[in-house]
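Colleague: I would like a close look at one residue, and then at the protein around it. Please keep it short and give the cut-offs.

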Amino acid sequence: MLEKSSEEIKSVITEFDNYQAEVEWDITQRCNYSCSYCESYNNSDPTQFRTLKEYSKAIDYIKTYFDNKNARVDILGGEPILYKQWAELLNKIHEVGLVPNLTTNLSLNFKTLEKKLENLKPLKCINVSWHTQFAYDDEILKNIELLYESGHLRSISILGDKRYWARVVKAYNNTKH
């Protein structure tokens, strides 16, 4: 039943916003996972987060740099929600007329996510990158459902690691709506 092969998943839906420029911004250089396939982040180094004021100044610069262009700002990490003011950062990006976008492994507990979303404007700007090697439980499904119901969920990507293929297929089946 859950033994579908990767060849059986036949379609992927991709949507693009109407934007002319895209900035990918790794704000944390840190991740809370240690994926076997990722060597991008040294999680033993100290964090180097900036203040919201410093990040806001950078956003103002990005807006000025792109002038009248519609630009999307992708907040990445490693894991960007390790920065505690991520919701306020997304709001700032939106306030200056840029398109906010954040990709997260969504490894927050439900209550923390719920509280963070209270501060986030109604933006469809959060992409979930589901790593079934580390996260397969009801908590991540509840978090995804909360993002969906609140209108913040933009997309879900499920890492198709063959070592965890049964989890991948189960995650896929649980998010098809």
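Where does N43 lie, in terms of the strands and helices on either side?

Modeller: N43 sits in the loop between β1 and α1. Helices (H or I, at least four residues) and strands (E, at least two) are DSSP runs, numbered from the N terminus. Some ground rules. This is a predicted model, where local features need pLDDT of at least 70, side-chain atom pairs count only at pLDDT 80 or more, and totals for chains, interfaces and linings use all residues. Residues are numbered from 1 along each chain as its sequence is written, and side-chain values use heavy atoms, with hydrogens and water left out.

Because its relative accessibility is 28%, N43 counts as partly exposed. The scale runs from buried (under 20% relative accessible area) through partly exposed to exposed (over 50%), with a 1.4 Å probe and protein chains only. Beyond its neighbours within four places in sequence, N43 is in contact (heavy atoms within 4.5 Å) with R30, C31, Y33 and S34. Q29 is 14 residues from N43 in sequence, and their C-alpha atoms are 8.3 Å apart.

Now the surroundings. The protein has five helices and five strands, in the order β-α-β-α-β-α-β-α-β-α. Of its 177 residues, 38% are buried. Among contacts with a separation of 6 or more, 79% join residues 24 or more positions apart.

Next, the inside. In soluble globular proteins, nonpolar side chains tend to be buried together. A nonpolar core here is a set of buried Ala, Val, Leu, Ile, Met, Phe, Trp, Tyr and Cys residues joined through side-chain atoms within 4.5 Å. The largest one has 42 residues, and I75, W86 and L120 have the most contacts inside it. The largest share, five residues, comes from α2.

Last, a helix pair. α3 and α4 pack at about 15°, with axes 10 Å apart; axes are lines fitted to C-alpha atoms over the stretch in contact, and angles run from 0 to 180 degrees between N-to-C directions. The two helices are therefore roughly parallel, a label for angles under 35 degrees. In α3, F110, L113, E114 and L117 meet residues of α4, including E139, K142 and L146.

Notes: Parallel < 35°, antiparallel > 145°, perpendicular 65-115°, else oblique.
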